[in-house]
Amino acid sequence: MFAMLALLLMGCGDPTLSALLPQGEVATKQYSLMVLSLAIMIFVLLVVFIIYVFVLVKFRKRKGDDTIPEQVEGNHLLEILWTAIPILLLIILAVPTVMQTFDVSAKDKPKKGELSLKVTGHQYWWEFEYPKEEIITSQELVLPVNTKVHVELSSADVIHSFWIPSLAGKTDTNPGDGSKNYMWIETGKKEQVYKGKCAELCGASHALMDFKVKVVSKEKYEAWVDSFKKASGNATGNAAEGQKIFKKNCLSCHAVGKDGGNTGPNLTGFGDKQRVAGVLEHNKENVEKWIKNPQKVKPGNNMPNVPLNDEEVDAVADYLLSLKLQ
Amino acid sequence: MSTHASHTKRSGLMDWLTTVDHKKIGILYLIAGGFFFIIGGIEAMLMRIQLIKPENDFVAAETFNQLLTMHGTTMIFFAAMPLIFAFMNAVVPLQIGARDVAFPFVNALGFWLFFFGGVLLNLSWLLGGAPDAGWTAYAPLSTTSGGPGVDFYVLGIQISGIGTLIGGINFLVTIINMRAPGMTFMRMPLFTWTAFVTSGLILFAFPPLTIGLFMLSFDRVFDANFFNPDNGGNILIWEHIFWIFGHPEVYILILPSFGAISEVVATFSRKRLFGYSAMVFATVLIGFLGFMVWVHHMFTVGLGPVANSIFAVATMAIAVPTGVKIFNWLFTMWGGRIVFSTAMLWAVGFIPTFVMGGVTGVMLAIPSADYQFHDSYFVVAHFHYVIVGGVILGLFAGLYYWYPRMFNRVLNETLGKIHFWTFFIGFHLTFFPQHFLGLMGMPRRVFTYLSGQQLDQLNFISSIGAFLMAIGTIVLFINIIISASKKYAPSSDPWNGRTLEWAIPYPTPEYNFAQTPLVRGLDAYWIEKTAGNKGMTPAEPVGDIHMPNPSILPLFMSIGLFIAALGLIYNHMTVTIMGIVATFICMFLRSIIDDHGFHIHKEEVEADLKGVKE
């Protein structure tokens, strides 16, 4: 009861995270099936609860009543009834279930007009590749509104699961070439930043493997793609100092623009991000906190402690925050 | 054969270490299972304290993963399973009119293997860190997990799994072969039926687990590549193997609870079970279908819409026999004279709770919707509704109901009711909000959550509920301690029971039945009572009773494997070989020494019979 009350007070959760406030075609479809199944189930619950309460009240032993009730063996009609009716209810549920299972599934190649996207799970961050646009980014996915996106999922290490509750249910990212998965997402008509989660236990910082999905207008999306491809990663002032240090210490794992390795997140456009490492508030203090001791923020992640002094860290932080695309 | 005289009575600790008596083994299972239940409960409390507020730092991320792994593993394998075996041991032979199980030695071995498996697993806390890959131990997280934790997991479950497997076989043979005259299959009490089906499920479900664990341990200890995709292995094989075991395991747990509920509901409604044959059929059907649905744990791993649809429909089908059971319980109470004893309260609390767990189960069977539910707190809520709200409430009903049979004392009813209400309310407070947490986007197995996602209040409520459950459990233990100081209950049939176990005097004689009873129908004891008979009609004259000898070998065999496992974990092959040799020596001794057991002589039995009649 308390929980019910609390729930009513709260609504259905965060509109950028809750599966109960779906956006886009897939999540909306899934929500409608949830509602249908819930309605059938509430009907079942009501029937059971009504009989239950009636029986408990009516047939409790009264004081002084020591009679032995009739020892009924059973009733064939009733047995048939409570076998047949549930079967009927399940058929009502099973038909749309099977239909939608096929409906929301995706083939291994994108259909015409679908935006193609490759998602790779890493401990503990997400890599997003737009093969056609030749863009690789991380942690924050940028997508245009009203667009169907074909997603190919894989993992660089252990199993993760790619979940944007507001837009679509989850699909696992499996390691190994033979175990690639596919799904599709429709981005809905709202310009909104949605929250994404990893839903499969993947190690110590599984809980911190958050990402963002920025759904923007088609124009803004095009502009973002353009500026991403043009991004040079050059900077001025203290940030230029930081760029030197970055090139020396970070570039082997982290790419900016066209240069750099790909074992760590691509940092192009880092200055525009919403969160540092997916979880911390996006400010300089937190960037420095991360660089100084990544293990403290995300235990078990693969980034080593880079031997930089405070000034160098300061410069690198300035550099990273200067990496803006707009 | 009859030349063997009565054995010398062993006393105290030695008696418990060497016993092969199903009643004592039942008590051992109950104590050990209760012990691990407390450990698993403490782990749960630590997790709920960590999650009581966002971005809490009560436990570290690594520790939390160990806690969630150990909580799940402990509760499933080392609390729920042994508690079920406790009641199967304590009750099934009595219900079918047998003097013991078919293989008393194997029964003891099963217990000790389980026990040392559990001890091994829990030692990991002290010896380098507990497993941290979840109770499902998905590869490659489990194969690459640092530290010895997952090795403890693999070998602990492997050893206890052997115990469970031979325990299951033992009960199959017992129930098939050792029923009293007249106890046909369709006259067996429902608890015995569920124990029978559960044992059958164990027989088919545990071998895949054994194989899977072997593969996993080979990957870890000997660098095999079963689950290593870089060298041609496949991670999905583990998931399949695990769930081919894991789903039937759910029914292995729930069926005996169904059985206990059936006995309690019938007894306290003063009616025979409504639709007995439908109940039996439903039990068998649930057991059968339980093997056809494992992929519903894997809807999101990418098996494609065809596989997902087939398993979705199969999963939904299980709701039908389960519904049959619910309605038959309701109609057993219909027209009865319901007495709300503590045992009955648990049974009555079980029904709506389990139905709620069942309906979310049907919802989870819808693949497309499951993509949202899967691995979120919705699933956590669901399986706690079926495993705590189903299995544990059923086991508590069984505990209050059979406690007098096991310990000759009745648990205090007032404390029992306090236990019920705190635990029951605490349970719903803990787990009901979790449905919504999941739908609102909270994944399971997270050591923390950021603030500002509207997840704070419900998590807080959930943690408060957990404290209530803990208080309820403490009340139970107080009750048990108090009862130990009490004298025997006045009657050996405190509930006006219907089945054979209540026809036996206090304290239960070592040989259970002085004369094997003649069974004349379902609810055998009730039939005799209503016919005005004082007790069961004997099927044989009083005679010498053949009994098995106690043995220390099961204990030593299990210790041998325990040592071997430690050797494997720490890569000392000599230790491993020593342990295995010790076990083999015990097996050799068991094979070479002719043990014909002993006889309790007719005169002793007659003296006992006189003593009882008062």
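Q: How many residue pairs are in polar contact between chain B and chain A?
A: The count is 25, with both residues at pLDDT 80 or more. A polar contact is a pair of N or O atoms within 3.5 Å; within protein, one must be able to donate a hydrogen and the other to accept it, and residues adjacent in sequence count only if both atoms are side-chain atoms. This is a predicted model: local features need pLDDT of at least 70, side-chain atom pairs count only at pLDDT 80 or more, and totals for chains, interfaces and linings use all residues. Residues are numbered from 1 along each chain as its sequence is written, chains are lettered from A and ligands numbered from 1 in the order written, and side-chain values use heavy atoms, without hydrogens and water.

Q: Which element of chain B gives the largest share of the side touching chain A?
A: Helix α10 (residues 305–333), with 17 residues. Helices are DSSP runs (H or I, at least four residues).

Q: And how many salt bridges does the rule find across the interface?
A: One. The rule wants a side-chain nitrogen of Lys or Arg within 4 Å of a carboxyl oxygen of Asp or Glu.

Q: What does B:R337 pair with?
A: B:R337 forms a salt bridge with A:D65, the closest N and O atoms being 3.1 Å apart.

Q: How many residues are in contact overall?
A: 97 of chain B with 93 of chain A. Contact means heavy atoms within 4.5 Å.

Q: New topic: what does B:L330 touch?
A: A:V48, A:I51, A:Y52, A:V55 and B:I351, leaving out residues up to four places away in sequence.

Note on methods:
Helix = DSSP H or I, 4+ residues; strand = E, 2+ residues; numbered from the N terminus.
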